[in-house]
Amino acid sequence: MEKMPKWADAVLVPLLSLLMAAILSAIVIFAIGEDPVAAFKLMVDGALMRSAGWGYTLYYATNFIFTGLAVSVAFHARLFNIGGEGQAMLGGLGVALVCLYIPWPHWTLAIIGASIGGAIFGAAWAFAPAYLQAKRGSHVVITTIMFNYIAYSVLNYLLVNVLIAKGSMDPATPKFPEATHLPTFRDMFSTADTILFRGSPANVSFFLALFACVFVWLLIWRTRLGYEIRAFGHSDTAANYAGISAVRITIVTMLISGALAGLMAVNTTQGEAERLILNPTEGAGFIGIAVALMGRNHPVGVFIAALLFGFLYQGGAELALWTNIPRELIVVIQALVILFTGALDNMVRMPLERLFLAFRRKEAR
Amino acid sequence: MDFTTLLLVLDSTVRLATPLLLACLAGLFSERAGIFDIGLEGKMLMAAFFSAAVAYATGNVWLGLLAGIASSMALSAIHGLASITFRGNQLISGVAINFLAAGVTVVVAQSWFRQGGRTPSLEGASRFNPIELPLAESLSGVPLLGPIYHELVSGHTVPVYAAFAAVPLTWWILFRTRFGLRLRAVGENPESVDTAGVSVIGLRFAAVAIAGLLCGIAGAYLGTALQAGFVKDMTAGRGFIALAALIFSKWRPWHALYATLLFGLLQAIAVRFQNIDLGGFVIPVQFMEALPYILTVVILAGFVGKAIPPRAGGEPYVKER
């Protein structure tokens, strides 16, 4: 008999974890002398009450969908990919090279090219940690962290010395050509008399992210490879007996994970900045960890969790603008979500399981 | 490069290696007991802020140090609770701790000091000041050894000497005491320790607490000695370099000293020389900055001898029933 019904595991546990993170965050806000209720209202106002706010929320959510999917695909094979940050940075490089050096006639073609560029560069950055894990047993957590730092140095070097726009002091590439610019939500949804999503960066790559969700769902639950990934994640020895190659699964899973993280750059680098800047990821790679944990590694869950973090990100920017609460409050919330949904999962789960068992016993009697 | 420059580089090597060394020894205790700790970075950062903040408020650096240690140990307690008591994923717990520290320090700093997430500059008794060792001044005239003693050995702050003293102490605790033997056993084979009637949970909590203590000193050193106050994200990946040094040293105290000195030297060179010109071929500063991480990957790949971590590392202990 299962200890808990499935819905409780998928919905109740993350919700309770989120609630505890929210309560603790409220205490933090209260402790620094601000009003938690007013702060929450301000966040909702700024992130959800105007279409421009939604434009930012969805823009951030797009990033977090990609990085969240990246982390969760790796989690299915029981690999912890902390390297989303570095992979997304390199993805940015791929996107920038594709946009700068290939003369695209139209954005519809450019987005395909940029997606391929970003995915390949992201996957390439995940390859070395994947290979070392599979072949030499070097722990993928440590190597991906190292590769984050190396990615930053590589990008820093390339932007300062190679790709920098002529005559500019700012370490960034030149602006991408007009034809590669992606249509924003404002371009797509505004009518002649009402302008929606004014000045917000959400763009067509949001739909690319939705597509990625469907792709990951199909991959994990509807293909042989996905089955092998999950089997390997559940028990590598059993997978080995079933003839599934540990080396192949580790490398392929990490490549897919890195490619998903790299795709994030289509949204930030091609969609928003329209050039490659230093630190194009702004920590989105790490937020993917919280998103994947909260979304229970399922694309639907990742999508919802990404929306939530998009809201937190945009709401946090509003807070920083209007109150004395800095943006880093979001980092605290992010940490608490990781802590409760990831590390302290058992603390939430154990009492719940006991509760459900007690109920069942009563029913049985 | 002349002798004075060499001395200056080595001097800053010692200063830059100190936080790495303390954090590395912290990780050594924790991982030898079977608890992975990628939260070294966060613990140092937390301690850096609270030590600088309390030192500023009280004007006493020792109170600052205590506050730093307390805040770092509080994070250790969370790590212990998550990874020992509730048998959660130690890596995820470490990641959470890093973010918690990165967020809390800036939020609280902004609320207390309103200077954009930093503490005001510390001076006088609210900092660790250099200590002149005896005879440093009078011996500085002696050729070769005099300047070495004067510049390199003398004139550091208390945490620097503490860090170097911690190396033999760690060795002695781990390899010459009953506690150390049990601590190492609990990281290799917790069942055997349990069978012998010694508490696995107690030992692991002790190890995590020691790690908190050492990270606390490392953070306080960063905030009150190496720099005059806390700035946002001031640990700048030192926790991960320390982790790299730990793997490089294969979880041994003396080797930890050598590894952190090496990484400290790399940092000192990167700070001192921007781009290194090797006769036509220029090594960019970014490469020097990335070198500790590249080295770690090379070592992890096993090209320079295989690094084998403690066997029970990362696995929560479940008593046999």
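Let me begin with a definition: a residue is called buried if 20 or more other C-beta atoms lie within 10 Å of its own, exposed if 12 or fewer do, and partly exposed in between, with the C-beta atoms placed from the backbone. By that count, 54% of the 321 residues of chain B are buried, and for chain A the buried share is 52% of 365 residues.

What you have above is a predicted model, in which local features need pLDDT of at least 70 and side-chain atom pairs count only at pLDDT 80 or more, while totals for chains, interfaces and linings use all residues. Residues are numbered from 1 along each chain as its sequence is written, and chains are lettered from A and ligands numbered from 1 in the order in which they are written.

On confidence, where pLDDT is the predictor's confidence in each residue on a scale from 0 to 100, chain B has a mean of 88, with 97% of its residues at 70 or more. Within chain B the lowest mean, 71, belongs to strand S1 (residues 276-278), and the highest, 95, to H10(B). For the complex, the predictor gives an ipTM of 0.89 and a pTM of 0.89.

Now the two chains in turn, with helices (H or I, at least four residues) and strands (E, at least two) taken as DSSP runs and numbered from the N terminus. Chain A has 15 helices and zero strands. Its radius of gyration is 21 Å, close to the 21 Å that the globule rule gives for 365 residues, so chain A is as compact as a globular protein of that length; the radius is taken over C-alpha atoms, and the rule is 2.2 Å times the number of residues to the power 0.38. Chain B comes to 13 helices and two strands, and because its radius of gyration of 20 Å is close to the 20 Å from the globule rule for 321 residues, chain B too is as compact as a globular protein of its length. Along the principal axes, the C-alpha trace spans about 80 × 55 × 40 Å in chain A and about 70 × 50 × 40 Å in chain B.

Two residues are in contact if their C-beta atoms, placed from the backbone, lie within 7 Å. Among contacts between residues at least 6 apart in sequence, those joining residues at least 24 apart make up 75% in chain A and 76% in chain B.

Where do the chains touch? The contact takes 40 residues from chain B and 36 residues from chain A. On the chain B side, the elements that give two or more residues are helices H3 (61-85), H4 (90-113), H11 (238-248) and H13 (285-300), and H4(B) gives the most, with 15 residues. By class, that side has 26 nonpolar, twelve polar and two charged residues, where Ala, Val, Leu, Ile, Met, Phe, Trp, Tyr, Cys and Pro count as nonpolar, Asp, Glu, Lys and Arg as charged, and the others, Gly among them, as polar.

H11(B) deserves a word of its own, since eleven of its eleven residues are buried. What covers them includes helix H6 (140-162) of chain A, together with H1 (3-32), H2 (40-58), H12 (253-272) and H13 of chain B. One of the buried residues is B:Ala245, which, leaving aside neighbours within four places in sequence, is in contact with B:Leu20, B:Cys24, B:Ala256, B:Ala259, B:Thr260 and B:Phe263.

B:Ala245 is also among the residues that touch the most other members of the largest nonpolar core, which has 225 residues; such a core is a set of buried Ala, Val, Leu, Ile, Met, Phe, Trp, Tyr and Cys residues joined through C-beta atoms within 7 Å. The largest share of this core, 17 residues, comes from helix H10 (residues 200-226) of chain B.
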